[in-house]
Amino acid sequence: MAQAGQGQGRGQGDRQGTRARGLKLADILVTLVIAVVFGIIYKIWGPMYDVFKPLGLHAEQLSYGMWFLAGTFAFLVLRKPGVAVLAEVAAASISALLGSEWGVATLWYGLLQGLGAELVFAAFLYRNSSVWVASLAAIGAAAGSLVLDFGYGYIDRLTAWNYTLFIGLRLVGSIAIAGIFAYSLAKALELTGATKPLRPASKQDYDALHRS
């Protein structure tokens with residue numbers, strides 16, 4: 001009977017963990033708070049795009065990963081479906097409201113960048129939050145931004161070598177900022193214990209409860 005009770009409790013725990021993966025109001029509010037912070041950072045970061053230009057051809061692309069940071073960081077904190085795209089769109093909206101140089105286009109960039117990151121996290125069933133998955137998500141966000149760059153005609157006239165350098169530097173900046181830096185920032189926050197109440201309980205958590 002005791003074993004049956006433990007099995008039943010474990011089954012309930014697994015189901016609770018599964019249900020907990022959906023976004024709750026608290027998750028949405030935390031995501032929006034993150035988005036507000038990064039929306040302000042996005043606005044402040046705008047001039048950095050021009051600061052990098054004198055460093056060399058397309059050097060400004062090394063700074064581009066900052067605009068993908070909200071999506072990857074929010075997921076690494078909450079680790080739930082929909083967080084990356086919500087955070088990126090909301091951050092872009094805040095940046096636009098604050099007077100972004102790119103106007104309404106900022107919202108489209110936020111959407112595609114967020115979707116690019118979200119698709120990568122979804123490919124791993126939202127269960128992998130390693131630095132290399134975060135880096136892949138940063139690449140996904142960069143891919144979304146490049147689609148719009150091409151659509152708006154910003155880069156469709158570049159020669160092949162120029163285009164390769166442009167994309168290569170953007171990817172490097174994306175991995176460094178929205179991948180590695182986002183992961184390090186989330187890990188630093190995790191060490192404070194602040195992120196634990198925000199995440200769904202895992203099977204290991206329920207197993208530990210049953211053993212105690």
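**Entry 1: H4 against H8**

I looked up where helix H4 (residues 69-78) meets helix H8 (160-191). On the H4 side I found Leu69, Thr72, Phe73, Leu76 and Val77, and on the H8 side Ile177, Ala178, Phe181, Ala182, Tyr183, Leu185, Ala186 and Leu189. Contact here means heavy atoms within 4.5 Å. Helices are DSSP runs (H or I, at least four residues), numbered from the N terminus. I sorted the contact residues by class and got 12 nonpolar, one polar and no charged. Ala, Val, Leu, Ile, Met, Phe, Trp, Tyr, Cys and Pro count as nonpolar, Asp, Glu, Lys and Arg as charged, and the others, Gly among them, as polar.

This is a predicted model, in which local features need pLDDT of at least 70 and side-chain atom pairs count only at pLDDT 80 or more, while totals for chains, interfaces and linings use all residues. Residues are numbered from 1 along each chain as its sequence is written, and side-chain values use heavy atoms, with hydrogens and water left out.

Two packed helices are described by the angle between their axes and the distance between the axes. For H4 and H8 I noted an angle of about 35° and axes 9 Å apart. Axes are lines fitted to C-alpha atoms, for helices over the stretch in contact, and angles run from 0 to 180 degrees between N-to-C directions.

**Entry 2: how covered H4 is**

I checked how many residues of H4 are buried, and the count is 10 of its 10. Buried means under 20% relative accessible area, exposed over 50%, and partly exposed in between (1.4 Å probe, protein chains only). The buried residues of H4 pack against H2, H5, H6, H7 and H8. Just after H4, I saw that Arg79 takes a positive phi of about 55°.

**Entry 3: rings around Phe75**

I searched the whole structure for aromatic pairs and found six. Rings of Phe, Tyr and Trp (its six-membered ring) pair if their centres lie within 6.5 Å; planes under 30 degrees apart count as stacked, over 60 as edge-to-face and the rest as tilted. Phe75 and Phe121 are stacked, at 3.9 Å centre to centre with 20° between the planes. Phe75 is in H4 and Phe121 in helix H6 (residues 105-123), 46 residues apart. Phe75 has a relative accessible area of 1%, and Phe121 has 0%.

Phe75 also pairs with Tyr126, this time tilted, at 6.0 Å and 50°. Tyr126 sits in the loop between H6 and helix H7 (131-151), so this pair ties together parts 51 residues apart in sequence. Tyr126 is buried, as is Phe75. Elsewhere I noted that ring pairs link Tyr64, Trp67 and Phe68 into a cluster.

**Entry 4: H2 against H5**

The axes of H2 (residues 25-45) and H5 (residues 83-97) come within 7 Å and cross at roughly 45°. H2 and H5 are therefore oblique to each other; under 35 degrees would be roughly parallel, over 145 roughly antiparallel, 65 to 115 roughly perpendicular, and the rest is oblique. The crossing of H2 and H5 is right-handed. Contact residues include Ile28, Leu32 and Phe38 of H2 and Leu86, Ala90 and Ile94 of H5. By class, this contact has 13 nonpolar, three polar and two charged residues.

**Entry 5: Leu165**

Is Leu165 buried or partly exposed? Leu165 lies in H8 and is partly exposed, at 29% relative accessibility. Leu165 touches Leu57 and His58, not counting residues up to four places away in sequence.

Definitions and conventions:
Helix = DSSP H or I, 4+ residues; strand = E, 2+ residues; numbered from the N terminus. Left-handed = near helix turned anticlockwise from the far one by under 90°.
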